[in-house]
Amino acid sequence: MRAERLPAARQDEPPVDVPPPEWPAGFARSAADREALACLLAIPSLTPRRLLRLAQTERRASACLGAVATGRLGPPAGRAEASLRSGKELLQRAEALGARFVSVSDDEYPTALLDLADPPAGLFVIGCPLPDLEPRVAIVGARNCTATGQEVAKSLAMSVGMAGVAVVSGGARGIDKAAHEGALVAPGRTIAVLGSGIDITYPPTHGDLFAEVAAHGAVVTEYPPGVRAKPFRFPARNRIIAGLCRAVVVVEGAEGSGSMITADHALDVGRDVLAVPGPVTSDLSYAPHRLIREGATLIRGADDLLEDLGLAPFAAHPDRNGAGAGPVSLTPEEARVVAALRGPTPVDRVAVDSRLDAPRVLGVLIGLELRGAVRQAGGRWERRPGWS
């Protein structure tokens, strides 16, 4: 699906013939403006869209903060909220965490985000410089996903990671987590975009995952330290995921899923949308199937995704030892798994036939895929031609 929107336009969008507003040059270049912007980003009632409109008249972040703090402009609640935090203290807290503040006036700010109708005025980042994490592809889907969905997301992320593409997702449970883990296994690069402050680990169990992401990619959020995860912040987070990437892949999602919001944002800014089909009887197939019906590109697995991204299929990549793709000696365990692949086969069937538990089978299959021995399509695994 390319540069086409999902049907209903948002009611607060300007007419299509009116150019969208842009952040003024030098909006947050000075130290005072950076501190003011950190404070502005912590005001709950001041949405990015409202702040962008305010910037059209005030031109500097410090002037915007003054207008909000005096009640002259901005949301009514903003006056009280503006006095609750010190921008200087917020930046100091971020620095103490090892985070840096990247404003829209900084060279590190991703210009791709400016395609959004409401690009964030700044980002808090822990990890690698964002320009080093390109090109980027998002892999998103359901939190309460299936084991097959996790397997597909991890496989896709590993494949694009090995091809040099940074995987972007939202750091949530389920598909997001699998996408980050797949990229890290590759080993590759990944970006987690949070719906909370840079100091808030949400979900709380993902502390180790976010540390790994920051070490091999970046953890990113538009929210300053202390901002708690709230339901309304995740749809806003999704627009950043879409804006950062050249394409968005949806693996699973029920009706009303956040992955549909991400896809909608991707279409708004002309990004490609791809989807992995699932069983027609599954509620989690709603999002990918709806997207496919409306024109999204159907992908069956990693080979399809790499082809659509214009990258070489994984089998054409050398393995980690520098050898080309092709038969290599298998361990006894790997031989049992390969022997169980009598055509496209789901993991649970391979587990039964190989007499290994399913998690171990998945690990073996992923290792074999990295060596070009097997491939995954539509939740099933099969041998590549030339492997016996």
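**View 1. Helix α14 and the residue that follows it.** R355, which has a positive phi near 60°, comes after helix α14, where helices are DSSP runs of H or I with at least four residues, numbered from the N terminus. The structure is a predicted model, in which local features need pLDDT of at least 70, side-chain atom pairs count only at pLDDT 80 or more, and totals for chains, interfaces and linings use all residues. Residues are numbered from 1 along each chain as its sequence is written, and side-chain values use heavy atoms, with hydrogens and water left out. In α14 (residues 347–354), V347, V350, A351 and S354 are buried (under 20% relative accessible area, with exposed meaning over 50% and partly exposed in between, for a 1.4 Å probe and protein chains only). Seen down the axis of α14, these buried residues fall within an arc of 105°, so they line one face of the helix, the arc being that of the directions from the helix axis to the C-beta atoms. D348 and V352 are exposed on the other side of α14.

**View 2. Burial of helix α10.** Eight of the eleven residues of α10 are buried, which leaves the helix mostly covered. These buried residues pack against β3, α9, β7, β8 and α11, where contact means heavy atoms within 4.5 Å and strands are DSSP runs of E with at least two residues.

**View 3. The contact of α10 with α11.** S259, M260 and A263 in α10 meet A287, R290 and L291 in α11.
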